[in-house]
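Please read the following points alongside the sequence and the model.

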Amino acid sequence: MLPDHTPAALSSEQKQSLINGLATLLPDNILLYKDEDLHPYECDGLSVYRQTPLAVALPETIEQIKAILRYCSDNNLPVVARGAGTGLSGGAYPLADGVLLGLSKFNRILKIDPDARTATVEPGVRNLAISEAVAQHNLFYAPDPSSQIACSIGGNVAENSGGVHCLKYGLTVHNILQLKILTMDGELLTVGSEALDSPGYDLLALMTGSEGLLGIITEITVKLLPKPERVQVLLAAFDNVETAGEAVANIIANGIIPAGLEMMDNPSIRASEDFVHAGYPVDAAAILLCELDGGNEEVSELVMQVRELLLSNGAVEVRTAESDEERARFWAGRKSAFPAVGRISPDYYCMDGTIPRKALGKILAEISRLSEQYQLQVANVFHAGDGNLHPLILYDANNPGELEKAEKFGGEILTRCVEVGGTITGEHGVGIEKLDQMCVQFTAEELEQLHAIKSAFDPQGLLNPGKAVPTLHRCAEFGAMHVHKGELPFPELPRF
Amino acid sequence: MKENDLSQAIQSHIKSALNNKTPLAIEGGNSKSFLGRKINIANKLDLSGHQGVVAYEPTELAITVRSGSKLKDVEELLLKNNQQFAFEPPAFGENATIGGMVAAGLSGPRRPYAGSVRDAVLGVKIINGKGEILEYGGRVMKNVAGYDVSRLMVGAMGTLGVLLEVSFKLQPKPQYSLTLSHTVSAETALKKMLGWRRKNTPVDATTWFDGNLYFRLSSSEQVVANAQKILGGEVINHADNFWSEIKNQQHHFFTQEKNIWRLSLPATLASTDKTAKELIEWDGQQRWLADDIPASEIRQYAEDLSGHATLFRAERSQNEPFHPLPGMLLKLHQQLKAALDPESIFNPGRMYKEL
């Protein structure tokens, strides 16, 4: 996949002159433009796609960012913002004729207010560093994408990152209060506020998940929560994936909202067990990990209730972590599922569709059918509580054509997700990766409206152009049929 | 609840307004006509007939309803399944609709603990200012495809598009609730509430007025009983009525013949001017003032505390209801309005005169 952006054909003289122009605005060590310096920035977490940018800027002050944006605005140069570069959809994929704006040096925690339960931080601060910094006040920042050791909060806002605790604690959009952003013409705006709401339109929601297309985030005020008094984890084994899915529905039908509710299928269980020896039952068709948190007694009551629910809903075995070490071990298997799969296959391609939970059986059956058809194995990891499915397609990039095959397979899975009333991306973003699938999820009018919203913020179209929202031209070429939110044009016809 | 899909009729109405270049005043149950700027627009777009549940799957914790559905009908349906809107939406009349609830973006007592209307919105079907029917978001909890147009609609007072359907995330109804009260000053009440916020307490509603702090505990009976031992206080009977009077503003505080201001502030110990009559909610993050102090003073006070002030019910003032936006931000709002409603036919001037 490539962005919907045709790079300007710049001669080497033009390139040099643009770099010189930028260099005069900035102190030494801020601007990288030599080939060897650019290489570390040529991709993000979607590493199969690489491109060196015209230049990389690593500013240290807001004034420097403003100067860069104004220069780029005047010279019609695209700007791609980058945090820690851990994104999985190519949102920070550089453009050959553009500047990659790295915000990693904005890594200070500016203010912690335990009474207001907020922290104000710069965009380059790592997700986990926030929780670590506020732990002394017995507080934490809830969204915890699995890359939380490395990923930056600015990137989390740009992608509206989730994690394993979304069902109870929400996504990034639910856990931030205020942003400072720079528009492409270098104006600093405050959106949201330190209060729970602010006058005017909800630009805070609009900015969250906008993938760097609307503005550059320079400061974030996040909400903090008191650390739960107690956390407990149950592990349940099932000999049938659908039974596990029904157990999830029944936990929720009983009015219980677990902090985390994760499912792994047999290939994932085996891969993880071989890797971290979490003690998972390797013959199970599926396991569920159910985390319950809150006050002491509350958790005791919930553990008993959930245990009984799991057993009466077909679990063949239920274990409760007896100690913090065991709890960590239960989670270790889940959290290392991706690298574990990485060990058994030269490459894997991670998908991110979300479905209504009731469609789980249908989707898994469809995935295994497609797996046969494409002759590529799949391991499934599922945020079961919130319907977010991560099928990992195993392939070998060294076999000619296999990446393309894996991408096609992945694309079909996402189309099926839309068909059952879900979405093509739950938390990884569209980036360059899912531009084609956007044509499946949205009509031409809907896409045009999204482009109009971008123009309201960035009339020149210079912020991360060609990402997140495809052009109608691209959709026409892709030839996708727009699937109307679960209603197929001819639902009675078999589809191949 | 009636099942009545008026999408086509609503779309035709909008298209003819576009052809004639006549602005529309969007109306649901007409229960919040006091809120916002008064606009004198003859061409009414009545959504109250556009009713019904499009999809409700209790185990998915999600519902999709048409905008004209009455809030009370939807809440009754949810209650049958032991579920609720976590944000406890206020209703200022029997006819309050789902569309109005979203357009005004108001939340009730549980808001600081369980999120707001916008937090619960999962997706929308709207008609934009070109008369096109568009869908964004969906019925699933996690969805990051495309900009978050759904939440942008919340609190936009109908100025960005006409809501046809809205999907919400739901919450199970708490097993058990108990409301208690302490007789304390505003200062002490604020201190207590800020302290509770730092711990795992089952507090899910607070309000202070006339020297009394009222707070609600919700969880299992056992957990509530234990919290009651620690937090103390006198038990309030008929607590449901008590909270719905506050939320729906039937409480005598809100019916005074004075301007009613809403202040939205960060959680802070700062206490408001003692000369004003005050009702505090949301651990001090939402404060109501019944007073005729000049708007400029109230707005300055809110700004000094990093918050903002809305003239919620204007008794004798012609002031702008919503807190003014700084110049550059207002410009961005105008550009956004133009992107969604290029002919400016939806509720022009209802929120700000420039939008």
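1. In strand 18 of chain A, A:L392 is the bridge partner of A:A379. Six bridges connect strand 17 of chain A with strand 18 (residues 388-395) of chain A, and the two run antiparallel. Strands here are DSSP runs of E with at least two residues, helices are runs of H or I with at least four, and both are numbered from the N terminus; two strands pair if DSSP finds at least two bridges between them.

2. This is a predicted model, in which local features need pLDDT of at least 70 and side-chain atom pairs count only at pLDDT 80 or more, while totals for chains, interfaces and linings use all residues. Residues are numbered from 1 along each chain as its sequence is written, chains are lettered from A and ligands numbered from 1 in the order in which they are written, and side-chain values use heavy atoms, leaving out hydrogens and water.

3. Strand 17 and strand 18 of chain A form a hairpin with four residues between them. In the turn, A:G387 has a positive phi of about 80°.

4. Strand 17 of chain A is also joined by two bridges to strand 13 (residues 260-265) of chain A, again antiparallel. A:M263 stands opposite A:F382 of strand 17.

5. Six of the six residues of strand 17 (residues 378-383) of chain A are buried, so the strand is largely enclosed by the rest of the structure. Buried means under 20% relative accessible area, exposed over 50%, and partly exposed in between (1.4 Å probe, protein chains only). A:V378, A:N380 and A:F382 point one way, and A:A379, A:V381 and A:H383 the other.
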